[in-house]
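Me: Got a structure here that I'd like to go through. Can you take my questions one at a time?

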Amino acid sequence: MFFLKLSLLMLLAVAPDLLVHAETSVTCEGNNAVLTCGAGVLNILSANYGRTDSTTCSAGRPSSQITKTDCYAINTLYKVKSRCEGKSSCVVPAANSIFSDPCYGTYKYLRIKHSCVVHKTSVTCEGNNAVLTCGAGVLNIVSANYGRTDSTTCSAGRPSSQIAKTDCYATNTLSEVTNRCDGKSSCVVSATNSIFSDPCYGTYKYLSIKYSCVVHKTSVTCEGDNAVLTCGAGVLNILSANYGRTDSTTCSAGRYSEQITKTDCYGTNTLSEVTNRCDGKSSCVVPATNSVFSDPCYGTYKYLSIKYSCVVHSEFLFCHHPFILFTALSLPPKWLRPCLHLFNYANCL
């Protein structure tokens, strides 16, 4: 039994990225999708409001309403992320009033793939620096606020007038922190008005950041070639991306010096383009070309750098790695109980 326990623990330790549990929610048109994460927060991987097959949500529907299977609402992912990302739960109506109608006359459904992320919290009093680190992983910023939402945090030695206002929010906090930290292994953010402006004059503020650490992979593709991302049975979670140049050595072989000297070249639409093409899919191909991203620095030879993680369904882990399943089932209930949410071995049958 000792060796069974040890084997399971070793397998879980060496493959932590395989234990991220992705779930799929399917909601027929006219109903509400309800997503919950318990103690974690929602990480939306992919979403579509439309129809991609003729069987889902088809009961009692005439054939004319279910035959169109290339129906996609292009704003679905953005809308679902806006309502759900970083929250412990959310409700999304599967309705034309939310997503518009991508295919008139077709009965649609809302399919959402998400994972639950256990987050960390950083709180930094005004005038100090928030230091976020993730070791071998990269930062995934979930939520952030510079202001004050209670009268106790960062209150020591402060007069009541400086801590009484508890509805203080700097609306640009999340974007500022995301730009400085998302996809990096570490970052420093100053909790100051000079960074976020002053959302409530006279109030002593603090910077609160919720984040998670994600183990990532990196793909680098020279201009003119194709980036090919694959995740086996899992799905791609795009963390950061840039088409441009940030150093003079990558993709430099055989290039003139004037083609590689500019190292502050960023394609501002890179992340959105790569996310639209890849996020939530098991594989994707992205051409590293100006025709896809436009040309952020004329005359410079560029490359496409993508950081991503693979989110794997727990059923794949336990069904396709029988030794892990055998080991898990051999353990006493007290060992299994903390991990029961990770798999449903009935799905292996």
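Reply: Start with S294, which lies in the loop between α7 (290–293) and β17 (303–311). Helices (H or I, at least four residues) and strands (E, at least two) are DSSP runs, numbered from the N terminus.

Me: What is the phi of S294?

Reply: It is positive, about 70°, although S294 is not a glycine.

Me: Where did the model come from, and how are things counted?

Reply: This is a predicted model: local features need pLDDT of at least 70, side-chain atom pairs count only at pLDDT 80 or more, and totals for chains, interfaces and linings use all residues. Residues are numbered from 1 along each chain as its sequence is written, and side-chain values use heavy atoms, leaving out hydrogens and water.

Me: What is the mean pLDDT of the protein chain?

Reply: The mean is 84, and 83% of the residues reach 70 or more. pLDDT is the predictor's confidence in each residue, from 0 to 100. Over residues 313–349 pLDDT stays under 50.

Me: New topic. Which residues is V285 in contact with, beyond four places in sequence?

Reply: N226, A227, V228 and R277, where contact means heavy atoms within 4.5 Å. V285 lies in strand β16 (residues 283–287).
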